[in-house]
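Got your viewer open and a selection box ready? Let's walk through this one stop at a time.

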Amino acid sequence: MPEVLVVHCVDTEGIFNEGLDATFSRINEKTGISVVPSEDNLELIRLGKHPQITTDASLLDLIDSRQISFIDNLDDHHDVLMDLMTGHRNKLLDSFGKGYVWTWHTLDFVGFKTNPRKRIEGHHPVFDLFNRYIEEAKKVTEVRDILQWHYHHPPFDGSGIKSGVDWFQRGNYSEILSRKILDRMWFPCSFRPGEHIERNAISFWLEQWFPFDYASRSIEKGRGNEQPDDDGRRHDWRRAPTEWGAYRPDYRDYQVPGDMKRHVARILDTKARAYSIDEFEVEKAFEQASKASLPVILAVMNHDYRDMRPDHTHMTELLRSASEKYPEIPFRYCHGVEAMRRHLGLESMPPIHLDVNVSENGRQVDVMTDRNPFGPEPWFCFETNRSEAVHEPLYRIGENHWRYQFQIPLADVKAVGLACNDDAGNTSVLKMELPSGKIRRAEYNYEQ
Ligand SMILES: [Zn+2]
């Protein structure tokens, strides 16, 4: 059935402070000229009247008031997000009469040595905030949003305004995900990379856990929708497919289709300096859908620390005009997991049943599942009495049976946690408290 699946993933990071200093250091980076940061100088540059700076279109874009205006406090953040999630959601219903859906990929800002943008730090605050927002919005309207995972890897110098590319150093993600299991009974099944950055090693790591990866920022060349100096030193998606949808990456190059198992979806910005969604790209999705046997994913992203309401209006205008041109192609708002299921034609199946047994001598943990998880093994973690959250690999005993041997006394362990996804994007989580042995389970994304 031809259909366009509209997915909107949000890199959900909370508040963000960027003062004039940061704007002028961007101007300095671009032009090589140091100017005293002030509103007056900014205005002169905008008007093309600053004696030292030649203002061109790309510089104007850099200091565009929308690009440098951020939500810097939680009161405004709440009010803007609530208006978006309730007032804006139903402004343009999809072809099935349903309201807009956002997939909130939440960030935990941990592991950095500096925080010049005054982000909310620590484990869970943004995750908890958006769970509260969703509950609040549900009192007003139907909400089908879900939370998923966004991650920024700290760079080698710990700078809070940069991203690292080597995940095998400073593996913060291990603690972040273990704490989600142990403290929140939650685990993601789809991923959004910080600053769109992947590398082959990151791709191998993701491959163990997550079936869905909304990462590819590839665009058709020569349309003026790319950064002119982009040589791939940061996010690099120059070789990835430019049609809409998702592909399985190759193990030698995450950007090209191959035999790995997870699916990487193409996703563009709602409105940025480059790599943005526009009429051409939206119509391309409808055109592609008219020829496809399965629905096509049209995915966009932006950030919660900017006012997302103009972006939402922009998206609805693009969708309205494309669906007028292609009246026979319905469009459907989906969260990121539902969209992948429909796009790939995955059959619904109940989530995996996780089980755990801790032996009487206390050293040995056995982990069992009732069928194969998406990756080679479930995520195993434990919490110590000193509140450390530790992820460790298991070793395989047999079919769907793995084991772990503690190298510390069991009396030092407060809880063990497990999580896994299946091929259809169902998520299973288990936590066992120690010494009581009490087990809790949670499941996500299952729709019959
Ligand atoms: Zn981010």
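Start by selecting Asn445: with 22 C-beta neighbours inside 10 Å, Asn445 counts as buried. The cut-offs for that word are simple: a residue is buried if 20 or more other C-beta atoms lie within 10 Å of its own, exposed if 12 or fewer, and partly exposed in between, with C-beta atoms placed from the backbone. Asn445 sits in the segment after β19, and its phi is positive, about 75 degrees, although it is not a glycine. Strand and helix names come from DSSP runs (H or I of at least four residues for helices, E of at least two for strands), numbered from the N terminus.

A word on what you're looking at: this is a predicted model, where local features need pLDDT of at least 70 and side-chain atom pairs count only at pLDDT 80 or more, while totals for chains, interfaces and linings use all residues. Residues are numbered from 1 along each chain as its sequence is written.

Next, step back to Pro435, in the loop between β18 (427-433) and β19 (439-444). Zoom in on the bond joining Leu434 and Pro435: it's a cis peptide, with omega about 5 degrees.

Now jump to Ser387, in the loop between β13 (379-384) and β14 (389-391). Here's another non-glycine with a positive phi, about 65 degrees. Is Ser387 buried or exposed? Ser387 has 10 C-beta neighbours inside 10 Å, so it counts as exposed.

Ser190 has 29 other C-beta atoms within 10 Å, and so it is buried. Which residues does Ser190 touch, leaving out those up to four places away in sequence? Show Gln148, Phe210, Phe212, Asp213, Tyr214, Gly336 and Val337. Touching here means contact: C-beta atoms, placed from the backbone, within 7 Å. For a distance check, draw a line from Ser190 to Ile219: they are 29 residues apart in sequence and 22 Å apart in space, C-alpha to C-alpha.

Then colour two helices, α4 (residues 74-88) and α5 (residues 125-138), which pack at an angle of about 45 degrees with their axes 10 Å apart. Axes are lines fitted to C-alpha atoms, for helices over the stretch in contact, and angles run from 0 to 180 degrees between N-to-C directions. The pair α4 and α5 is therefore oblique; under 35 degrees would count as roughly parallel, over 145 as roughly antiparallel, 65 to 115 as roughly perpendicular, and the rest is oblique. At the meeting point, show Leu81, Met82, Met85 and Thr86 from α4 against Tyr133, Glu136 and Ala137 from α5.

While you're there, click His78, which lies in helix α4. With 15 other C-beta atoms within 10 Å, His78 is partly exposed. Its C-alpha is 9.0 Å from that of Leu129, 51 residues away along the chain.

The C-alpha atoms fill a box of roughly 80 × 55 × 50 Å along the principal axes. Of the 448 residues, 39% count as buried. Among contacts between residues at least 6 apart in sequence, 68% join residues at least 24 apart.

Conventions. Contact = placed C-beta atoms within 7 Å.
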